[in-house]
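Biologist: Could we go through this model together? I would like to begin with a single side chain.
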Amino acid sequence: MSKKIFRSIIAVAMVVLVSCLFIASSFLYDYFNKSQVTQLKEELSLVATNVDKVGTEYFDNFDSSVFRFTLVSADGSVLYDSQAKAKDMENHLEREEIAEALENGNGSSARYSSTLTERTFYEATRLQNGSVLRISVSQVTVGALILGMLPAIVAIILISAVVALVLSYKMAKDIVKPLNELDLENPAENETYEELTPILTKLNKQHKQITRQVQELWQKSDEFEQITASMNEGLVLLDKKGMVLSINAAAKKLFSVDETAVGRDFLTLDRSIDMSRAIEKALNGKRAEFREERNGSEYQFVINRTESDGKTVGIVILCFDVTETAFAERNRKEFTANVSHELKTPLQSIIGSAELLENGLVKPEDTKRFLGNIKNEATRLVSLINDIIRLSQLDEDSEPATESVDLYDVANEVIEVLTVSAAKKQVELHLNGESCVMKGIRRYLYEIIYNLCDNAIRYNKDGGKVAIDLKKAGDNIILSVSDTGIGIPDEHQSRIFERFYRVDKSHSKETGGTGLGLSIVKHAVAYHGGKVTLSSKVGKGTTITIEF
């Protein structure tokens, strides 16, 4: 702004200076011309009076270096000229000033030279004898005068320009200084030019409005940041060009980025082909959704476009961790398949034995064996159904009433129940430890110890041992069941708590059981907030430890 004011002042000063020079020159030139004409008339009158008195002899000793005198007869011939020979001069009858003097007694005119650099003024008067006396003087024109004065004019302009530059710079600086010192944060408190008051008043109103709007935006932005930061789901906002506008903590962790991700092209953060296709699909107005494994977990990505006035303004990417859901779905499918298989096997055996008995294809001496098979398979089927019911109860959200349970008493009760099955395999059962009382559900705690001991007996060696140890460790209770059985290979240890999982499926019928025992143990322990650990060596035995 100061430069514009500076240039404007310089331009105005130069225009005014040049205009003044030309106007002054014009007025002076006109004044000089009028003075010259007046002087011509006075000089002409004086000489005409003398010529009338003396006659032409007056010019004999006449000398004039300033003015030119010419005496013209009534017929136009030149009788005398102070600067040229009369006989060599042409007839002057048609000259304007001569014709006017012959007619009116006085005449005047002015003529330019062929080069237009001089202008000659003529004054003529008629003498008493009828002849005409003319006086003339030449002077330079305005253009020639200015051309002659050009060095002086240029010098004046240069000096004036320097002075104008200095003054203009100072004036521009002084004018702009109050504007530069305006406090725009507090427009109403400024003391400056009166003309700026309406603008400052509007600025003050706008400043208050903008401040209020900024505070509201910051508040909303802060609320948005807090909400998105606490989300377990990943959230990414993109503009219509795919640049990251916002990314919450969960999404940063998922895509392994930090705060520098904001403002970058999202495709530089994630080069997944499925993601690129999903974003392109969303930009075309269609909802996109796909699943992908990331960082050892399974995620579901939902991509939608955001609109304003029917136009796409951005993209919203939501990332859901569906690892547990996917695992549950797979477990459900596997469980359904396993249940169908486990139920179908005993049922087919029962139906086959029944059909043989019904059709009389069984020898009388074998009837008892077939009936025993039907009974055993039916018992196995009932046991399987009971285990499934127990698992269903553990999966439900309903909470049975808790009570104080002494695990030592529960373990004694389990040993009494399993004494017969242990004796069949010549397995010794031992209970070591002390009374350990805890809050829990007695039925679930019984299932834990029963299933652990039952498995320890089933997969033990003839003449083996099963030991139940109970002890307190500060506020915790440690329960461990050890056996001297066949052990579990390392590659199977991470899966034995899965439903229906068996290490050796070919011998499942020989060992009996439903394949749900350890799964029931896992759920019941989790229900009580406990932790299960396994230690096993093939051929040496297994120890399962539970910490409540």
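Biologist: Is Phe255 buried or exposed?
Modeller: Phe255 counts as buried, because its relative accessibility is 7%; buried means under 20% relative accessible area and exposed over 50%, with partly exposed in between (1.4 Å probe, protein chains only). This is a predicted model, in which local features need pLDDT of at least 70 and side-chain atom pairs count only at pLDDT 80 or more, while totals for chains, interfaces and linings use all residues. Residues are numbered from 1 along each chain as its sequence is written, and side-chain values use heavy atoms, leaving out hydrogens and water.

Biologist: How are the rings of Phe255 and Phe266 arranged?
Modeller: The pair is edge-to-face, because the ring centres of Phe255 and Phe266 are 5.3 Å apart and the planes stand at 85°. Rings of Phe, Tyr and Trp (its six-membered ring) pair if their centres lie within 6.5 Å; planes under 30 degrees apart are stacked, over 60 edge-to-face, and the rest tilted.

Biologist: And what is the relative accessible area of Phe266?
Modeller: Phe266 has a value of 1% and is buried.

Biologist: How many aromatic pairs does the structure hold?
Modeller: The structure holds six aromatic pairs.
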